[in-house]
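The sequence and structure are shown below.

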Amino acid sequence: MLVSYNWLKDFIKLDQDPNDLAEKITRTGVEVAEVKHPEDGLKKLVVGHIIDCEPISGTHLNLTHVDVGEKELYQIVCGAPNVAAGEDVVVALPGARIADNVKIKKTKLRGNESNGMICGLQEIGFPDKLVPEKYTNGIYVFPHDAEIKPGDSAFELLGMDDYIFDFDITPNRADTLSMEGSAYEVGAITDVPVKVEGVVVKEDGPNWTNDFTVDVDSQLAPKFYLRKISNVKIGDSPLWLQRRLWNAGIRPINNVVDVTNYIMLLTGQPMHSYDARAFKTHKLVVRKANKEEKLTLLNNKEVDLDPNDIVITNGEDVVMMAGVMGGLNSEIESDTTDVLLESAIFDPTLIRKAALRHANRTEASSRYEKGVNWDATTRALDMAALLLRNDASGTINEGVITGSSVKRKSTKITTTISYINKVLGTEVSSSEIAAIFARLNFKIEINGDNLIVDVPARRWDIAIPADLVEEVGRLYGYDNIKSTQPILAETHGGYSKKEETIRRIKNVVQGQGLIEAISYSLTSLEKAIGFSKEPKKPVEVQMPLNSNRSTLRQNLMTGLVDAASYNMARKQNQLAIFEQGRVYDFENNNYNEHEHLAALYSGNVYFENWQNDNEKIDFFYVKGQLTNLFSALGINLNDVEYRAEVIMYMHPTRTAGIYIKNKYVGMIGMLDRPVTQSNKAMKDSEIYGYELNLDDIIPLILNPQTTAQSAPKFPAVERDLSILVDKDVTNQAVEDIIKANGGKYLYNLRIIDVYRGSHIAEDKKSFAYRLTFLNENDTLTDEIVNKAMNSIDASLEKQLKVEIR
Amino acid sequence: MDLFDRLKELREKGLVEINKAKNEEMLNDVRVKLTGRKSELTEILHSMKDIDPSDRREVGQRVNKLRDLFNSKLDDAKTEIVEALVEEQLNKEKIDVTLPGREMHLGAKHPINIILDDLEKYFIGMGYEVVQGPEIETDHYCFEMMNLPKDHPARDMQETFYIDSDNLLRSQTSGDQARVLEKHDFAKGPLKMVGPGKVYRRDDDDATHSHQFMQMEGLVVDKNITMGDLKGTLELMAKHIFGQDRETRLRPSYFPFTEPSVEMDVSCFNCNGKGCSICKYTGWIEVLGAGMVHPNVIENAGIDSNVYGGFAFGVGLDRFAILKYGIDDIRDFYTNDVRFLEQFSREER
Ligand SMILES: [Zn+2]
């Protein structure tokens, strides 16, 4: 809502600096997003009266002589098509400054001296949408009846000397969507009494009510009033009214439509005017639309009406989408003489939905949906009728037709002074509270601690005691409330065990040099279900923003791959990034969320260096990092197993499922070639990563802290074992046998060499292991170790047909 | 030859040989040759019985003196040789210490999580519990329980991703409030919680909008919580995050789940309140929304609003990070450009 400072002065005495006032309003009531002073940056714009105007032959220009209130006439060359002798116009004198910081100087055009410029409204800073249609392609011409004389400042006449407050209202403060409501608010804030005028109409036309029937569904329109104004002469509105519309951001149209807009701005009550010719049926019906009904709106948009739209009909045809916008078929036209004026209240929800449904929000619909003042309906109707008589020489027919008139129960709230103080943490006295409600124009009764407040209908947002607390609090001043800390029984704050563990995990990974990423949870369906061993039923949103953001991810890897692609396209090829976050699925008739961890690596272990240490990140580097992570978390590495596995988007022979105690907890591997090759930035890169389901891992590491053990006191014995096996035998298979047969003193097992090549048969490979034996209570004898080694050798030979070397 | 001349000659030759020895090995040979069991000196000593008794004493003294001399010269020579060796070794091992080291990746926390962790730790220190709620939330908890019945106009303010008619991607973390309120046993003490997490809105992504961002909800409920408590709590938090010399102010606002509702501004840290483009020449920057918990929210959770009340606040973590680090495009948080993210490896505190 744009609120004019000058218009506010109709209701309240204001002598403060407008910018200071705006600040005060922001602090106490409604946020003023901006204060505009249209004449800022402009100068020397005056009214000029065109004495004569002759075309300059061979051009589209005219040579004019203009009275600007000085002794001499000004000769001005003007190219506007609508320039004419006898008109009052806006003249930018030599030395003037107009919009876009343009300076006007004396010039010569086609050999004719030109001492200034005759201006269109756009040229002096009016936005296109506010310029009356007939002046959009030319200069502005003042209305003939305007009381102006040459040399007058154009700023005052066009309202450019005003200060315009942009009220950024919250949905509850619809009362400030009117000048009267804004005046009440500003009056309360500045503690100045507010004067809102009543209205008395003297009807001067015949009674029309017997000749017209109105049929209103009061569920749809609890209040509905109609007046008829005859003999109107359509023309321009007077300048004062146009000025107020401009500063409220509304384009003047004609003296009938302008009046309805003006009354809406004044009272907050949306009004509508119909050409009475649309009601040859002498009948008006308010109902829900039928299926298949259509209406062409005033903005030429043809809409298919919905059975939940409220419409106004003449008994046969729809003439308006109620509360939203009129139909072209009942529009006020230049030859309109009789006008039906409507002032009504419609169901807010239905109006909101209709405006949303047809993407046709209007000044009227936005007021209806937020709530209008039920006490202003007939007053608004009468004021509009009076203005139509003044501005359009209309005759006000006798009688108002009431289609519906549901009474609204007044809002009386009972509370206590002590409650208000208790919530605010203040000690505001009852007399201070009484003064605050007096400023708000709320009637109250105070009886000891008890307080009864009669809330005016314009403040529909106030219904319960807490709402009164807000009124008292903001007017008392939030600055005046003392800052305190809650005095409460002690509480033990903290993270949940799960959260704490996640933090530990993240700290380890970050310590391994990975940078934390956060990706979007929404991705494409395809990406959402990739990188999973067994994709679950995906969760898709209704009405996604686009197909790339339609489905909730079931893996984090896809986000990291997107990040890799983004970075590699920017020549950032050395990557070590991770993400910790949730994945989502629908399973067992439930929406599920799981905490995951994923990491992605590419490039070299070290940054480029002069020693040419270019060790490449590979599967085993990443696996080592993961092993370190497991160790840091206290997971028993003997419980961890890697099984070659095929996973969508992962390299079929370089990917493993990760199992802990035989439960699948995640995967590790290289991105599949088709994934990298299809992406220009990632082409030919080997990218590795892993993803873990933390929901499965966290329970394994939530064990109580283990007690520390002292370092071994007895020496360990090391033995190396070198074997030749079939090339398809896995390390895991060998290790399993060694561990099963190594006896209780086998303390550590490590593979120290893998060889395939020219020195051995093509279908063979050699493994070398280092075994460490330790007895924590005694020195080991060779005999015991030899026995263990013999047992291992025998089992390997038997079970895997290995050759001990 | 006269024995004394022999000793003299032996002395001269011996010293020359010691000088000639270039390494420890040679020196050892010389030592054996000059002072060993088969050396001339030893031989002379062994042949003392053949010497004139009147000379014996003198010869003995001279031999011992010469042995002492040889030993001391040999020791000196050995020290010299060892020192030279060490020096040679050190010269060989010399490196250019000005050459750069081999660097590996340095980990970094995401800037939003830096802010979040900081806030969480701050509130944990004040006795708040950190609560995690579901991101796939029900309409019931996200809206209805928070005093946003269906058809409430404020639902337009936050366009929501619905999954089906009952489930949605939460557009606010407020649902955590409702869940915690319902479960809390006030017999065991007051309720103090913060609930951080991702939220989603149907906004097209641009420099100032993101369809996904992070919020943190705060809630304190007990019997005597006041708006002064809210003000004090928010002031301390703002100073913690934005600096002790920041001023704050509360302005009226509107949220369906609080009444009264306020927004908090912090004095502009760029211009210190004088007015600049960051604060749109107001001197103030809006940082969060808050208010006293709406009685309907309390009642919806089955709690008597005549007895219990409290305050709630909601922090936009992206916004905090944007303000704190002077970031001008919210998308920077989610494109994961490592050149952007690695700056924060030093930002941990
Ligand atoms: Zn500033």
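## Interface of chain B and chain A

In this model, 92 residues of chain B are in contact with 90 residues of chain A, where contact means heavy atoms within 4.5 Å. About 7900 Å² is buried between chain B and chain A, and carbon and sulfur atoms give 56% of that area. Buried area is the accessible area (1.4 Å probe) that two parts lose on being put together, summed over both. On the side of chain B, the residues that lose the most area to chain A are Arg102(B), His105(B) and Pro252(B), which together make up 10% of what that side buries.

Six salt bridges are found across the interface of chain B and chain A; a salt bridge is a side-chain nitrogen of Lys or Arg within 4 Å of a carboxyl oxygen of Asp or Glu. Glu31(A) and Arg251(B) meet through their side chains in a salt bridge at 3.6 Å, N to O. Between chain B and chain A there are 42 residue pairs in polar contact, both residues being at pLDDT 80 or more. A polar contact is a pair of N or O atoms within 3.5 Å; within protein, one must be able to donate a hydrogen and the other to accept it, and residues adjacent in sequence count only if both atoms are side-chain atoms. Helix H8 (residues 227-242) of chain B supplies eight residues, the largest share of the side of chain B that touches chain A. Helices are DSSP runs (H or I, at least four residues), numbered from the N terminus. By class, that side of chain B has 39 nonpolar, 23 polar and 30 charged residues. Here Ala, Val, Leu, Ile, Met, Phe, Trp, Tyr, Cys and Pro count as nonpolar, Asp, Glu, Lys and Arg as charged, and the others, Gly among them, as polar.

## Domain layout

Chain B is assigned domain 1 (3-93) and domain 2 (111-346), with bounds from an automatic or database domain assignment. The C-alpha centres of these two domains of chain B lie 91 Å apart. Chain A is divided into domain 1 (2-37 + 163-190), domain 2 (43-157), domain 3 (205-405), domain 4 (415-455 + 462-480), domain 5 (497-700) and domain 6 (717-804).

## Domains 1 and 4 of chain A

The C-alpha centres of domain 1 and domain 4 of chain A lie 22 Å apart. Nine residues of domain 1 of chain A are in contact with six residues of domain 4 of chain A. These domains bury about 640 Å² between them, with 39% of it on carbon and sulfur atoms. In domain 1 of chain A, Arg27(A), Thr28(A) and Ala188(A) lose the most area to domain 4, together 62% of what that side buries.

Two salt bridges cross the interface of domain 1 and domain 4 of chain A. The side chains of Arg474(A) and Glu185(A) meet in a salt bridge at 2.5 Å, N to O.

## Conventions

Residues are numbered from 1 along each chain as its sequence is written, and chains are lettered from A and ligands numbered from 1 in the order in which they are written. The model is predicted, so local features need pLDDT of at least 70, side-chain atom pairs count only at pLDDT 80 or more, and totals for chains, interfaces and linings use all residues, while side-chain values use heavy atoms, with hydrogens and water left out.

Note on methods:
Helix = DSSP H or I, 4+ residues; strand = E, 2+ residues; numbered from the N terminus.
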